[in-house]
Amino acid sequence: MNKKQLKFDRVFSYFVLAVGLFIILVPLYLALITAFKPTKDSIANFFSFPKSLYLDNFITVISNSNFFKFFGNSTLILAASLIGILVLVPLTAYVIQKNISSKYYRFFYFAFVAGILVPFQVFMLPVTQQMNKLNLMHQGGLIVLYITFAMTQGIFLYSGYIRTVIPKDLEEAAYMDGCGVIRTYISIIFPMMKPMTGTVIILNSLWIWNDFLLPLLILNKSQSYWTLVLFQYNFKSSYTFDFNLAFAAFVLSMVPIIIVYVFFQKYIIAGLTGGAVKS
Amino acid sequence: MQKQNRLIYFLLSLPAFVLYSVFFIYPLMNGFIYSLQDWNGVGRDKDFVGISNYITLFSDIRVRNTLSFTLRYTIALLVGTIVLSITIALLLDSIIKARGFFRTMYFMPAVLSTLTVGLIWNQLFSNALPQFGRLIGSESLSSNVLGDVKLAFWAVVFTALWQGLATNVLLFLSALQNIPKDLIEAAGLDGANKRQIFFRIKLPFIIPTLNIVIILTAKNGLMAFDNIFALTSGGPARTTESIGMLIYKFAFEEFKYSYSSALAILIFVIIGILTIIQLRTSERYEVKA
């Protein structure tokens, strides 16, 4: 009886999970098949499998728009922001934690942590105004904003890590050996924070790569600045409404991130859950 | 040596402190000042008008409707997220074979861009679903659900859950897997049934995760932008216009700069109060448990 019940439970679990899986995959499957079909086939039957390997949608999207340029823009913005974040954020967290007894550093620590709770929309208007005034409505300006906004959560995460994981006497030993502050940080502290650096890279990469509102505010004026996400948004208005083309654009934009996910999923899952729990 | 170190520390932290002050703290304070002025963003004259923008907010029907939508949306999101992600996490925890596979698949929506997801669902709701509705002869599904005042709300909630559950399922799953296995086995041997095991043993263990999920989901719900912007743009007849969108529209489409800032500050205060209440009540609960 008990065994039978257990077996039934297990089958039931798999059944419900399979239904959930179906709901997750259906939109992605439909996006894929629609991208490979001419419009008249989709109008006749949205759900039918493509009759042949029809590539015109992809060719049109790539040749009529600067798809690779937008891909390049997204990549450049992500890479430059990440470098800036990894140079500034762990270093600043380290300096703050070394000097936490000083009022000056404690003030900034609280300012950073309190910043986590401020939704971006609260100050998006004054920020945009300011960027406009400073002539920073371009990729460089956007990168500066990403680096700045990554500080709130980043400094909080690194500070927690430094307090709990990095042993104090290790640094003192390094100082005794004649290492200066910078040498100690570069050769001992930063390498020890590797696990947290992984989490910070993943959290920020997903945010920056997929972000819509900031690029919309800062980059939308000139088409040559567009990111992949902005391209998809503007695609809606710049073409007469052809949803097969739209789906080809969606699929092309999703492919890079899905490939990265397939290869690094273990780290991405660990990084994202770790970051959420700690913040 | 000490003095020299102090100077080095100061210089090393200076770039981050300057950037944060210039691009975060300063605009935040500026937003507060805007909200006390009467500025359309273009003209030079900014008159100080005190709290009159805030008073206007409370009598503005559009703000009230938006606030009502945003609250209903957030509540639906919270209920859906808590019930569904705990259920899915329990199911994933109970199976052994293919758990890794299911986990990978269930998490995938979280890495996609919210805008892309919204645009895909927009296409599916307006083109694919009506075809399906005609196929099965359902009248309400034959027309675009995004054009229907009642159904559009649920379409917005559904797409938000489709993507938003992923991270939360994982958070609950890792909390469940941290429960000592012998504790559950012992309870089972003592004759506890499934419901008792869940409420008496598993639930107390996932309460800290539940707190995080509630705070993050509430913040996402109250500030929703990308997903609704892509799915309905606030339609039909502005019934799915969120606060986050209204702040954007006031500022960048209707050029009511000061008014938009007042709304933003008001929402910030509401979120701050809700966060404090949530933290206080959960603290009390944790002490009891």
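Okay, some housekeeping. Residues are numbered from 1 along each chain as its sequence is written, while chains are lettered from A and ligands numbered from 1 in the order in which they are written. Since the model is predicted, local features need pLDDT of at least 70 and side-chain atom pairs count only at pLDDT 80 or more, but totals for chains, interfaces and linings use all residues.

Let's start with chain A. Its secondary structure comes to 13 helices and zero strands; helices here are DSSP runs of H or I with at least four residues, strands are runs of E with at least two, and both are numbered from the N terminus. Along the principal axes, the C-alpha trace of chain A spans about 75 × 70 × 35 Å.

How much of chain A is buried? Of its 279 residues, 40% count as buried. By that I mean 20 or more other C-beta atoms within 10 Å of the residue's own; 12 or fewer is exposed, in between is partly exposed, and the C-beta atoms are placed from the backbone.

One residue to look at is A:Leu78, in helix H4 (residues 67-98) of chain A. A:Leu78 counts as buried because it has 20 C-beta neighbours inside 10 Å. Leaving aside neighbours within four places in sequence, A:Leu78 is in contact with A:Ser205, A:Ile208 and A:Trp209. Contact means that the C-beta atoms of two residues, placed from the backbone, lie within 7 Å. A:Leu78 and A:Tyr146 are 68 residues apart in sequence, yet 9.0 Å apart in space, C-alpha to C-alpha.

Now chain B. This one has twelve helices and two strands, and read along the sequence the pattern is α-β-β-α-α-α-α-α-α-α-α-α-α-α. With a radius of gyration of 24 Å against the 19 Å that the globule rule gives for 289 residues, chain B is also more spread out than a compact globule. Its C-alpha atoms fill a box of roughly 75 × 75 × 35 Å along the principal axes, and 39% of its 289 residues count as buried.

The axes of H3(B) and H9(B) come within 9 Å and cross at roughly 145 degrees. Axes are lines fitted to C-alpha atoms, for helices over the stretch in contact, with angles from 0 to 180 degrees between N-to-C directions. Among the residues that meet there are B:Tyr73 and B:Leu77 from H3(B), and B:Val213 and B:Ile214 from H9(B). By class, that contact has eight nonpolar, five polar and no charged residues. Nonpolar here is Ala, Val, Leu, Ile, Met, Phe, Trp, Tyr, Cys and Pro; charged is Asp, Glu, Lys and Arg; the others, Gly among them, are polar.

A cis peptide bond joins B:Gly235 and B:Pro236, with omega about -10 degrees. B:Pro236 sits in the loop between helix H10 (226-231) and helix H11 (243-252). B:Ala237 lies in that loop between H10 and H11 as well, and its phi is near 50 degrees, a positive value in a residue other than glycine. Is B:Ala237 buried or exposed? It counts as exposed, because it has 11 C-beta neighbours inside 10 Å.

Last stop, the core. The largest nonpolar core has 150 residues, and A:Val89, A:Phe250, B:Val169 and B:Leu263 have the most contacts inside it. Such a core is a set of buried Ala, Val, Leu, Ile, Met, Phe, Trp, Tyr and Cys residues joined through C-beta atoms within 7 Å. Which residues does A:Val89 touch? Beyond four places in sequence, its partners include A:Ala150, A:Met151 and A:Val200.

Methods: The radius of gyration is taken over C-alpha atoms; the globule rule is 2.2 Å times the number of residues to the power 0.38.
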